[in-house]
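Please consult the sequence and the coordinates alongside the text.

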Amino acid sequence: MQLHTQTWGEGERLALLIHGIMADHRTWRRVGPALAEKGYKVIAVDLRGHGASARGEYTPEIFADDVVETLPAGAELAIGHSLGGLTLSLAVDRLRPERAVYSDPAWHLGTADEGFDPVMFAQSKAAPRERIAAMNPRWEAADIDIELETLRVWDEASAFGLAAVSGVDLLPAGPVVPSLVQLADPSFLIDAAKAAVLRERGFEVRTVKGAGHTIHRDDFDAYMASLDGWI
């Protein structure tokens with residue numbers, strides 16, 4: 001599937017951005033322009049079932065295949081958040097960016113008993129503004145507006161496409177390219193033990209102190225600072 005994309009900048013360096021579940025390219029509203037100011041041409045996708053991209057079947061492998069079909073290989077930088085991090089890890093051997101950043105990646109979705117429930121995610125589609133604001137007290141009003149709009153156009157069936165990997169260890173065996181893993185504080189996806197395993201496997205791991213899961217919206221300045229040396 002050819003995915004819908006948004007581009008910022010016309011620099012000679014190329015950066016790719018892949019969003020998380022329930023979001024779309026608009027989640028990168030500050031990151032895209034910030035990278036463009038650093039000389040990048042930035043391309044952000046809408047994964048299938050999200051934003052302006054088409055609907056269809058949903059599995060992590062299909063998300064990855066779509067990204068490979070849509071984005072150019074050999075970029076200088078690729079960043080994936082949450083589901084986008086999982087997607088990037090399944091596509092990185094084909095996209096072959098010079099560097100990869102996995103922002104609180106969805107490499108371990110718990111079982112229903114551990115808090116991952118596709119039904120709960122699907123019900124989030126109808127979340128009112130007050131609930132979104134309460135769950136994300138550090139977000140700017142513009143990000144709450146965007147969240148409401150992205151939820152409106154999101155196909156909640158995509159959440160059920162992840163049910164098969166609930167409780168499965170999806171941590172990569174090692175980095176295909178030099179790779180940074182950014183973690184929220186705390187991360188509900190990558191705990192301290194998993195972070196230690198990632199370090200042993202050759203990933204650089206950095207925690208953004210006090211930031212929630214969507215680090216780039218929760219603390220934009222700290223998010224960008226945590227990319228020091230990678231952008």
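What volume does the largest cavity have? The largest cavity has a volume of about 30 Å³, and a search of the whole structure finds one cavity of 30 Å³ or more. The structure is a predicted model, in which local features need pLDDT of at least 70 and side-chain atom pairs count only at pLDDT 80 or more, while totals for chains, interfaces and linings use all residues. Residues are numbered from 1 along each chain as its sequence is written, and side-chain values use heavy atoms, with hydrogens and water left out.

**Cavity and pocket**

On a 1 Å grid over the protein atoms alone, a cavity is a set of points where a 1.4 Å probe fits but cannot get out, whereas a pocket is an open set with protein on both sides within 12 Å along at least five of seven lines; lining residues have an atom within 4 Å of a point. Grid points are joined across faces, edges and corners, and a volume is the space filled by probe spheres set on the points.

The lining of the largest cavity consists of Thr 27, Trp 28, Arg 29, Arg 30, Val 31, Asp 143, His 216 and Arg 217. The largest pocket has a volume of about 940 Å³ and is lined by 39 residues, of which Met 22, Phe 121, Met 135, Phe 188 and His 213 lie nearest its centre.

Helices (H or I, at least four residues) and strands (E, at least two) are DSSP runs, numbered from the N terminus. Helix 4 (118-123), helix 5 (129-135), helix 6 (141-153) and helix 9 (215-218) each supply at least two residues of the pocket lining; the largest share, three residues, comes from helix 5.

His 216, one of the residues lining the cavity, is found in helix 9. His 216 has a relative accessible area of 3% and is therefore buried (buried means under 20% relative accessible area, exposed over 50%, partly exposed in between, with a 1.4 Å probe and protein chains only).

Seven strands form an open sheet in the order 1-3-2-4-5-6-7, with mixed pairing. Strand 1 (5-8) and strand 7 (204-207) are its edge strands, each pairing on one side only. Two strands pair if DSSP finds at least two bridges between them. Strand 2 (residues 13-18) and strand 3 (residues 40-45) pair in the parallel sense over five bridges, and Val 42 in strand 3 is the bridge partner of Ala 15.

**Backbone features**

A cis peptide bond, with omega about 0°, joins Asp 185 and Pro 186. Pro 186 lies in the loop between strand 6 (179-183) and helix 8 (192-200).

Ser 82 has a positive phi near 55°, in a residue other than glycine. Ser 82 is found in the loop between strand 4 (77-81) and helix 3 (83-95) and counts as buried at 8% relative accessibility. Arg 96, also a residue other than glycine, has a positive phi near 45°. The loop between helix 3 and strand 5 (99-103) holds Arg 96, which is partly exposed with a relative accessible area of 46%.
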